[in-house]
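Visitor: Could you walk me through this one? I'm new to reading structures.

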Amino acid sequence: MNTIEETNEKGRLEALFSLDILDTPEEPEYDELVRLAAQICGTPISTVTLVDADRQWFKASVGLTVRETPRNVSFCSHAIRQPGLFVVENAARDPRFQEFSNVTSAPGIRFYAGMPIETPSGHRVGALCVIDTAPRTLTESQKDALIILARQVRGRMELRAKKRSLETALEHNRQLTAELRSQSMIFQSFVKKNPNICFFKSEDGKYLAYNARFAELFGIDKQAWLGKTDHQVRPQAVADEARRLDLEVLAQDEVNVTIRHLQNAAGDMVWHKAFKFPIRLSDGTSILAGVAIDITREMEKEQALSEANVRLEQLATTDALTGLYNRRIFEQRMAADFAIARRNGLLFSIVAMDIDNFKKRNDTYGHAAGDEALRALAKLLLRSVRAGDVAARVGGEEFSVLLATTDTAGAKVFTTRLQAMLRATDCGPGGELTVSIGIASLTASTSNWEELVIHADDALYQAKRAGKNRFVVSPENASS
Ligand code: GH3
Ligand code: MG
Ligand code: MG
């Protein structure tokens, strides 16, 4: 064989194998065709032969007992080398065949006529042939019949191949369907068993599906809302809002996240984090999908934490007994407000205050009476200061007041008024409560807030020395 023939032979064998017919059982439809061929041509033998790599195999035959023979004694191998009817009238006289064992001995072939069977791809995979043991010829109508019958064989083989590819497609389809069904089952149980609330709505707002958690939230039946819109099952205002959001979500391709506070079927208020997003279908329509996570416990925890933080903050910044700011906050505010005042040339004063003879009050009337007096004074201080001022308890019976945008004269007015109020206030057992006060105001020479505190303390000390129940202005501010 030359190279082209080898290439053709490879393609031919592939075409033959793809028919998947070799070594299959006998089939009446082929048997009938060979019987008809033998009858019409008046020959004792007829076969539908398929030419394999090194043998020829008979799909159907009459007059033969074997089902295959080696290719080196194959007449059909010669027949399939050309497209038309191949006739050998006397093999004993033909040098191509006279040495064939099936010519020299049984069955003693003399006459052969074979019509190649061609696949749609143009490969000749075998032949329909008639064989006789005596030399002879065929009439034109016998030749025609043989050609027609070969076409019938070919038609049947094609049908068989089509049936096979249909079966393959069907099997593929069956597998796909099974796969889809199992995927859909996975999805369904995913939604069903999901601990979160899941639902789907159509573009026109009808509920397509929802899970047990969703039904539980609204206290409804598994089917109750299917095919209904929010406007049919929820209060008007809620439905309006839901529809507005759904349309917004359907119009874009993002996940919409909202936190909601709503009442569940049991009447409890719950917190939900809700996610809504569109699912685009292949037919161009969309579905709105929603998932909601119950975050009530997290929200409660967060709330408790922030309340605890506020309490902690209060504890750290205020004095438990009086509710006034403590020394730490007073100093912080002092530092900040002093800096602002100095930078902007604002007036700024502080008042340092110490209760007179407090030890004696405690000793005589008891600690509780002392506490009561401290609270009474704190209340007065809170009432006297303006917004922006800071009143703080900076020690046991010591208080400081920061007076923003206030000069010494203003501080004196504040102090005098406070003392007058104190005289008029019932501070519990022990009678009238008096305080000694030192006043210091920001001047051009004050370099820092600590200096101002020292001046006020010095002035307070002088007030004590001078007989208590009075105020003294720091010498630095004496001229005002
Ligand atoms: P002076 O007029 O010189 O200021 O004399 P004083 O007795 O007020 O001052 P001293 O510093 O001798 O005593 C202050 C007292 O304040 C002593 C302390 O027990 C009392 N004290 C401090 N903190 C509290 C408190 O929270 N509650 C009560 N009830 N007393 C307190
Ligand atoms: Mg004191
Ligand atoms: Mg005192």
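Visitor: Which residues of helix 10 are buried?

Guide: Quick background: this is a predicted model, where local features need pLDDT of at least 70, side-chain atom pairs count only at pLDDT 80 or more, and totals for chains, interfaces and linings use all residues. Residues are numbered from 1 along each chain as its sequence is written, chains are lettered from A and ligands numbered from 1 in the order written, and side-chain values use heavy atoms, leaving out hydrogens and water. Buried means under 20% relative accessible area, exposed over 50%, partly exposed in between (1.4 Å probe, protein chains only). In helix 10, the buried ones are I329, F330, M334, D337, F338 and A341.

Visitor: Which residues coordinate the magnesium ion (ligand 2)?

Guide: Donors are N, O and S atoms within 2.8 Å of the metal (3.2 Å for Na, K and Ca); water is not among the atoms, so sites may look incomplete. At 2.3 to 2.7 Å, the ones here are D354 (OD), E397 (OE) and E398 (OE).

Visitor: Is D354 buried or exposed?

Guide: D354 coordinates both this ion and the magnesium ion (ligand 3). Its relative accessible area is 11%, so D354 is buried.

Note on methods:
Helices (H or I, at least four residues) and strands (E, at least two) are DSSP runs, numbered from the N terminus.
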